[in-house]
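Have the coordinates open while reading.

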Amino acid sequence: MALNSKIPAGSLEEKWEKYKSTCKLVNPANKRQLEIIVIGTGLAGASAAASLGELGYKVKTFCFQDSPRRAHSIAAQGGINAAKNYQNDGDSTFRLFYDTVKGGDYRSREANVYRLASVSANIIDQCVAQGVPFAREYGGLLSNRSFGGTQVQRTFYAAGQTGQQLLIGAYQALERQVALGNVTQYSRHEMLEVVMIDGKARGVIVRNLVTGELERHFGHAVLLCSGGYGNVFYLSTNAMGSNVTAAWKAHKKGAYFGNPCFTQIHPTCIPVSGDHQSKLTLMSESLRNDGRIWVPKKQGDNRKPNDIPEEERDYYLERRYPAFGNLVPRDVASRAAKERCDAGYGVGASKQAVYLDYASAIQRYGKIEVSKQGIENADAATITKLGKEVVKEKYGNLFEMYEKITGENPYEVPMRIYPAVHYTMGGLWVDYELQTTVPGLYALGEANFSDHGANRLGASALMQGLADGYFVIPYTLGNNLADDIRTKAIPTDHPAFVEAENNVRDRINKLMSIKGTESVESFHKRLGKIMWDKCGMARNAQGLKEAIEEIKALRKEFWSNVRIPGDVNEFNPELDKANRVADFLELGELMCMDALNRNESCGGHFREEYQTEEGEAQRQDDQYMYVSAWEYKGDSNFELHKEELIYDVVHPTQRSYK
Amino acid sequence: MEHYHMNLTLKVWKQKNKNEKGRFETYQVKNISSEMSFLEMFDVLNEQLVAENKEPIAFDHDCREGICGMCSMYINGRAHGPWHHTTTCQLHMREYKDGDTIVVEPWRANSFPVIKDLVVDRQAFDRIIQAGGYVSVNTGNAVDANAIPIEKHDADESFASAACIGCGACVAACPNASAMLFVSAKVSHLSLLPQGDPERKTRAMNMIHQMDKEGFGSCTNIGACEAECPKGISLENIARLNREYLGAMFDGGSQNAI
C-alpha cells in the first residue's frame with residue numbers, strides 16, 4: 001500500500017486554515033448517532049474525549065489506571081511551549097515551527113509541525129479558561145521560562161507540575177462530559193484487540209482488570225491515545241504501567257509503525273542506584289536553566305564535589321556548545337554525558353553520573369535579592385540564604401524529590417544525574433488527519449510518530465498531546481465520519497467481535513497455561529538490558545544484529561517458561577504485566593531492525609558508524625530523508641515502506657548549537 | 001549517606017476480593033537495601049512469592065514519582081507511611097533498620113471498597129468531580145490567556161490547592177473517613193480564580209451533595225488529613241469550603257443545585 005500523508009496543498013501557513021474551512025462537517029443530530037472509542041486518558045485522550053463529547057459525539061473512554069487523572073502525562077514537570085511571544089523576545093509561530101523541525105534533526109513532517117506551532121497559542125488560552133493555575137508574575141500576567149534547543153522564553157509552567165495541572169484541566173473537562181452523559185468512562189480496563197469489519201476499525205475488545213472479564217465495545221472510530229513505549233527498556237522514566245499493547249495490537253491489524261527506533265534519552269535523570277531499581281526518575285529539564293553541568297577535569301577523581309576547585313572542573317556543555325551551553329537539546333546533552341562517563345570522568349559510586357550544580361545560581365540569585373531588598377554590605381551567609389530561597393521557589397519540589405530518593409541535599413551538594421529513556425518519538429504512522437493506515441483507527445499524542453522527528457524538544461510533548469486532542473481531531477475526525485453517518489451501530493454479536501474476543505481469550509489462556517519457572521518481571525528486565533546495551537544511546541550494526549537474535553531467543557523462552565500466578569477471572573496484575581511484556585518482546589525486535597536499517601545518525605538515533613569528527617550525529621540526507629513505516633507481515637516479518645520527507649521551507653543543515 | 005542492608009518482617013493485609021473477609025499475613029524479606037523505595041521492597045517480596053509459586057500481593061502504583069496518586073498503603077498506622085509530605089512510592093527504606101516489623105494495610109473507608117489486598121476502589125472521587133469540579137468552558141471558547149490578569153498571590157494559592165493528587169490519604173487518615181480535604185481543595189482551586197467564579201455556588205453545593213451521597217463521613221476538625229497529605233494541602237481549604245457552602249446557601253445557590 002502506498003503511503004498517502006494527505007498533506008493539503010497550499011503554502012505552509014495556508015494548509016491548516018484551508019483544511020479547516022473546507023473539511024466536511026457532521027451535523028449535530030448525526031453526531032449523536034456516532035460512537036467514538038478513546039483508548040487512554042492522558043493529555044491526548046482526555047482532551048480528545050472531552051472535545052468530542054462537547055461536540056455531541058457518543059464517546060467511551062478506557063484507561064488501565066483507577067482513574068483517568070492518573071495517566072502518565074501527569075508526571076511531565078517542566079512546561080508547555082506556545083508561540084505567544086508574551087516576552088517580546090522574537091518568538092513567532094514560524095520560529096517555534098523552525099526550532100521543532102531543527103530540534104527533530106529534520107526527520108519530521110513540515111506541515112504537521114507548522115500546524116502544531118500554530119495551534120500552540122490556543123492551547124494556553126484554553127487551559128487558562130479551564131482554570132489551570134500557570135505561574136504568574138506580580139503584574140498578574142503569565143510567566144515564561146526557557147527550555148533546551150531554543151533561544152526564546154516560550155515555556156509556560158506551573159512550578160514543576162505542569163503536566164499534572166494540564167491533565168487535571170483536561171480530566172475535569174472530561175468529567176464534565178461524563179456528568180452530561182456524553183462520555184462513558186471505563187477505568188481499570190485494558191484494550192487487547194481492535195475489531196475490524198469490512199476493512200475498518202469498528203470496535204475493541206477490552207479486559208476488565210478487576211474481574212478479568214472480556215468486553216466488546218463498538219465504535220464508528222477508534223482513537224488510540226495510549227502513550228509511548230519507553231518501558232520496552234524496562235528502566236525508564238515512564239510509569240510502571242505504561243505500555244505498547246494498544247498500539248501493538250493495532251500494528252498487527254495493519255497499522256504501520258513509524259520510526260520505531262527513535263527514542264529520547266533524557267539527560268537529567270537520577271542515576272541507577274542498584275539492581276533493585278524499578279524505574280528512573282526525571283529531574284526536569286528546566287533545571288538546566290540555572291544549573292551548570294560538570295565533571296572533574298581529572299579521570300577517576302574520587303574527591304567530594306565541593307572539594308574540587310573551580311579550575312579543576314570541566315563544564316563540558318559550556319565548553320563544547322558556547323551558544324546554547326547547558327541548554328542544548330536533549331539528545332546532544334545525553335550523548336555528551338555518556339561521552340564523559342565512558343572516557344572515565346564519571347562521578348558517584350557507579351561512575352555513571354555527572355554533576356548538576358546549583359552553587360553559582362544560588363550566589364547569582366542571592367546577589368539579586370540583596371540588591372532588591374537594599375541590604376548593604378551583605379555577608380556571604382546572607383547572600384547564600386537568600387539565593388537558596390529563590391531557588392527553592394523555582395525548583396523546590398524537584399529538589400525535595402531528589403533528596404527523598406538519594407538522601408542528599410542538593411542545596412549543599414551538586415546533584416548527580418545521568419541520561420535515561422524518557423519518550424518515544426516513534427509510534428503509529430498517521431497521516432495529516434491523524435489516521436493510521438487502518439481506516440477508522442487514529443493515533444494521537446505520544447502514540448503517533450508525527451511531530452518530533454528524531455528528537456523531541458523539551459516542553460513539546462504536552463503541546464502535541466493537547467494540540468491533537470483539543471484542536472486537530474475534532475476537525476479531522478468529522479471530515480471522515482461525514483461519510484459514515486448512514487452506518488448504524490453494529491451489534492457486538494457480529495462474528496468479527498466474537499472472533500476477536502476468542503483470539504484474546506486464547507492468547508490469555510495460552511499465557512496462563514505455560515506455568516513455567518521465571519517471573520514476568522525477570523523477562524522484562526532481561527529484555528530491557530538487551531535494549532539499553534544494544535539499542536540505547538549509541539547503536540552499531542553488530543550490536544543490533546546480536547540484539548535481534550537475543551530478543552528472538554528471549555521471546556521463545558518467555559512463551560515456554562513464564563510463570564503467571566493467580567487466575568484469569570480476577571484482579572491479577574501479573575497477568576496484566578505478562579500481556580504487556582509479551583508485546584514488548586515483539587516491539588523490541590522491530591526497534592532493532594529499524595535502527596539497523598537506518599544507516600545514519602539523527603537526533604536520538606545515534607549509530608556509532610555515522611558521526612562527525614567532533615562526535616556529533618551525522619545524517620545521510622541523500623539516503624534516509626524518509627519516515628520508516630513498518631508493516632506487520634507475521635512473526636519477525638516486517639515490510640518497510642518509506643514516506644519521503646520533503647522540505648519546502650526549511651533547509652536541512654548539520655545542526656549546530658555551538 | 002551510609003548504605004546498608006536489612007531483614008524485615010512484614011504483616012500485610014490479604015483479601016481476595018471485596019466480598020470475602022481479609023486477614024493479615026506475615027512475610028519475611030531479606031537483604032533489603034536502604035536505597036530501595038518502599039515499593040521496590042514490595043517488588044522484591046512479590047518476586048520471592050512468585051518464585052515460591054505463591055500469589056503476589058496486589059497493590060496500586062504507577063508513576064512512582066509521587067505525582068499520579070495511585071499508590072496507597074497504610075503503613076504502621078499512617079497513610080503513606082512516616083515521612084512528611086511523601087507518597088508511599090517516594091518513601092525509602094533508609095527509614096527502617098534491620099529487624100523492624102512493618103504493618104501494611106489498604107486505605108480503610110466504606111466509600112473505598114477493597115478490590116484486592118491493598119487495592120481499593122476510589123471512583124467516588126471521580127463522581128465528586130463530575131458533580132461540579134470543573135469550569136464549564138467548551139474547547140475553542142477561550143479568550144487570550146493574558147486577557148484577565150490574576151494576582152500572583154491568588155494564582156499561587158489556587159495552585160497550592162490544585163496540587164492535590166486525589167490519592168485519598170486524607171480519607172484514610174480521618175477517623176470519620178471524611179473527604180472534606182479533597183473536596184475543599186478542588187473547590188478552592190477553582191473559586192480562587194476568576195474563571196471559576198461564575199459557578200462557585202453550584203459547584204460547592206453539588207460537590208458536597210455528592211460527597212455525602214458517596215457515604216464519606218463528616219469533618220470534625222481533627223486535622224489528620226492535613227498531617228498525612230503527601231502534597232501539603234492545608235486545612236485552610238476546608239475553612240474556605242465552609243464559607244463557600246454557607247455563602248451559597250444564603251445566596252440561594254441551592255436553587256441551582258441538583
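Chain B has eight helices and seven strands. The model is a predicted one. Along the principal axes, the C-alpha atoms of chain B fill a box of roughly 60 × 45 × 35 Å. The chain has 258 residues, and 54% of them count as buried. Contacts in chain B between residues at least 6 apart in sequence were also sorted by separation: 71% of them join residues at least 24 apart.

## Domains

Chain B is divided into domain 1, residues 5-115, and domain 2, residues 122-255. Chain A also has two assigned domains: domain 1 covers 266-421 and domain 2 covers 503-620. The table sets out the domain pairs.

| Pair | Distance between C-alpha centres | Residues in contact |
|---|---|---|
| Domain 1 and domain 2 of chain A | 33 Å | six from domain 1, five from domain 2 |

In chain A, which helix gives the most to the side of domain 1 that touches domain 2? Helix H10 of chain A, residues 330-342, does, with five residues. By class, that side of domain 1 of chain A has one nonpolar, one polar and four charged residues.

## The sheet in chain A

Chain A holds an open sheet of five strands. The strand order is E5-E2-E1-E9-E17, and the pairing is parallel. Strands E5 (183-186) and E17 (441-443) of chain A are the edges, each pairing on one side only. From one strand to the next, the twist averages 20°.

Take the pairing at the E17 end. Strand E9 of chain A, residues 221-224, runs parallel to E17(A), and three bridges join the two. Within this pairing, A:Val222 has A:Leu441 of E17(A) as its bridge partner.

## Where chain A meets chain B

The contact between the chains takes 64 residues of chain A and 69 residues of chain B. Five helices of chain A each supply at least two residues to the side that touches chain B: H3 (43-55), H5 (110-130), H6 (162-179), H12 (380-406) and H17 (573-597). H6(A) gives the most to this side, with nine residues. By class, the side of chain A that touches chain B comes to 25 nonpolar, 23 polar and 16 charged residues.

H6(A) also packs against a helix of the other chain. Its partner is helix H2 of chain B, residues 123-130, and the two axes come within 8 Å. Are the two helices roughly parallel or roughly perpendicular to each other? The axes cross at roughly 80°. Angles of 65 to 115 degrees count as roughly perpendicular, so H6(A) and H2(B) are roughly perpendicular to each other.

Which residues make this contact? From H6(A) come A:Gln172, A:Glu175, A:Val178 and A:Ala179. From H2(B) come B:Asp126, B:Ile129 and B:Gln130. The residues of this contact divide into three nonpolar, two polar and two charged.

## In brief

H6(A) is the helix to look at when viewing the chain contact, as it gives the most to the side of chain A that touches chain B. In the sheet of chain A, the edge strands are E5 and E17.

Terms used
Residues numbered from 1 in each chain as written. Chains lettered and ligands numbered in written order. Predicted model: local features only at pLDDT ≥ 70, side-chain atom pairs only at ≥ 80, totals over all residues. Pairing = 2+ DSSP bridges. Helix = DSSP H or I, 4+ residues; strand = E, 2+ residues; numbered from the N terminus. Axes fitted to C-alpha atoms, helices over the stretch in contact; angles between N-to-C directions. Contact = placed C-beta atoms within 7 Å. Nonpolar A, V, L, I, M, F, W, Y, C, P; charged D, E, K, R; others polar. Parallel < 35°, antiparallel > 145°, perpendicular 65-115°, else oblique. Buried ≥ 20, exposed ≤ 12 C-beta atoms within 10 Å, placed from the backbone. Domains from an automatic or database assignment.
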